[in-house]
Amino acid sequence: MIQTKLQIALLPAVLVFVTACRSDSHTYVSPVKEEQICVTPVDLGVTHDQLPPSGAKELDKTPTIGRFPTGISVVRINAVTDSDSTTHHIQLASMTVERSAYWNQLLDDFPALREVTMHRMTGLDPRGIQHKALLKKSVQNDCGLCLIYARVKETDADAEYVGVIWDATTEKALTSYRIPVTIAECRREEVEDDSHPKPKHKVWLEEADFRAEADLRQLVRYSIWDMAQRDGFEPTTQPNPWQTDRPVYPRDSRLRILDLPTLRKGR
């Protein structure tokens, strides 16, 4: 009986506590929803006139000293905006393993390019960033070059990619790209199967997307080759203090000999 009276006495206090927890002053407000929009040249850090109608456009042909060897960081982006359209920023787009593999093999046989790295969200604001944040991240990863690219949603072509190679250290745009691809009408076939339920699967759109990104990789390869040809070494009047009897490159790959240069006499 005493326990029952105690419970009845505590009931008003419990009701007051529950009411306070449900006060309007503690109402949860959900974050503003974001929606993906079409990528513009501004998202890449350039103006509209700096993008070519198609192909590649060199934005800076100045000869350099010491830019190579270096690495290049590759980042694919999406453009997003708040539901009230008050802010506009970019986010990293997800990339499949096979796409990353294609980029990693970009210049395997090119000594001037030390490595190809893929940007990750580590250290980047998850709410959105601007292109300069990607350049700073590239420098932190010891990559002097940074390729920012994206697929254009609003286009007359079946697939279209745009991109810009940046000198991440000086934050200077070097080369821009626009790759539109349209598949011939005779190859437009719709497929309906278990893996692609209705509406019918438009095979040519996937082919156009693959071709456009492949063409972009090829043009990036050519551009980096041209940049390296315009690059030189720091001038010096001192003779090379090291000597070796074997060339560093090329050499017979069948001979696995560790060849260490020796210091010249008197050095």
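Residues are numbered from 1 along each chain as its sequence is written, and side-chain values use heavy atoms, with hydrogens and water left out. In this predicted model, local features need pLDDT of at least 70, side-chain atom pairs count only at pLDDT 80 or more, and totals for chains, interfaces and linings use all residues.

**Exercise 1. The chain as a whole**

Task: State how many helices and strands the protein chain has, and what share of its residues is buried.

Solution: 
- Step 1. Elements come from DSSP runs, numbered from the N terminus: helices are H or I runs of at least four residues, strands are E runs of at least two. The protein chain has five helices and 14 strands.
- Step 2. Buried means under 20% relative accessible area, exposed over 50%, and partly exposed in between (1.4 Å probe, protein chains only). Of the 267 residues in the protein chain, 34% are buried.
- Step 3. Contact means heavy atoms within 4.5 Å. Take the contacts in the protein chain between residues at least 6 apart in sequence: 65% of them join residues at least 24 apart.
- Step 4. Here is one pair to locate in the model. Gln218 and Leu106 are 112 residues apart in sequence, but 8.1 Å apart in space, C-alpha to C-alpha. Gln218 sits in helix H5 and is partly exposed, at 36% relative accessible area.

**Exercise 2. The largest nonpolar core**

Solution: 
- Step 1. A nonpolar core is a set of buried Ala, Val, Leu, Ile, Met, Phe, Trp, Tyr and Cys residues joined through side-chain atoms within 4.5 Å. In soluble globular proteins, nonpolar side chains tend to be buried together.
- Step 2. The largest core holds 30 residues; Trp103, Leu147, Ile165, Leu216, Val220 and Ile224 have the most contacts inside it.
- Step 3. A second, separate core has 23 residues, including Leu51, Ile90, Val164 and Ala168.

**Exercise 3. Cysteines**

Task: Count the disulfides, then check Cys143.

Solution: 
- Step 1. A disulfide is a pair of cysteine sulfur atoms within 2.5 Å. The count is zero.
- Step 2. For Cys143, the nearest cysteine sulfur is that of Cys146, 8.4 Å away.
- Step 3. Cys143 is buried, at 2% relative accessible area. Cys146 is buried too, at 0%.
- Step 4. Thr117 in strand S6 touches Ile72, Ser73, Val74 and Cys143, not counting residues up to four places away in sequence. Thr117 is buried, at 18%.

**Exercise 4. The largest pocket**

Task: Give the volume of the largest pocket and the element that gives the most to its lining.

Solution: 
- Step 1. On a 1 Å grid over the protein atoms alone, a pocket is an open set of points where a 1.4 Å probe fits, with protein on both sides within 12 Å along at least five of seven lines. Lining residues have an atom within 4 Å of a point.
- Step 2. Grid points are joined across faces, edges and corners, and a volume is the space filled by probe spheres set on the points. The largest pocket comes to about 220 Å³.
- Step 3. Its lining residues include Val74, Arg76, Leu92, Ser100 and His119. S4 gives the most, with three residues.

**Exercise 5. Backbone details in loops**

Task: Identify which peptide bond is cis, and give the phi of Asp142.

Solution: 
- Step 1. The bond from Phe68 to Pro69 is cis, with omega near 0 degrees. Pro69 is in the loop between strand S3 (64-65) and S4.
- Step 2. Asp142 has phi near 60 degrees, a positive value in a residue other than glycine. Asp142 is in the loop between helix H4 (131-140) and S7, and is exposed, at 55%.
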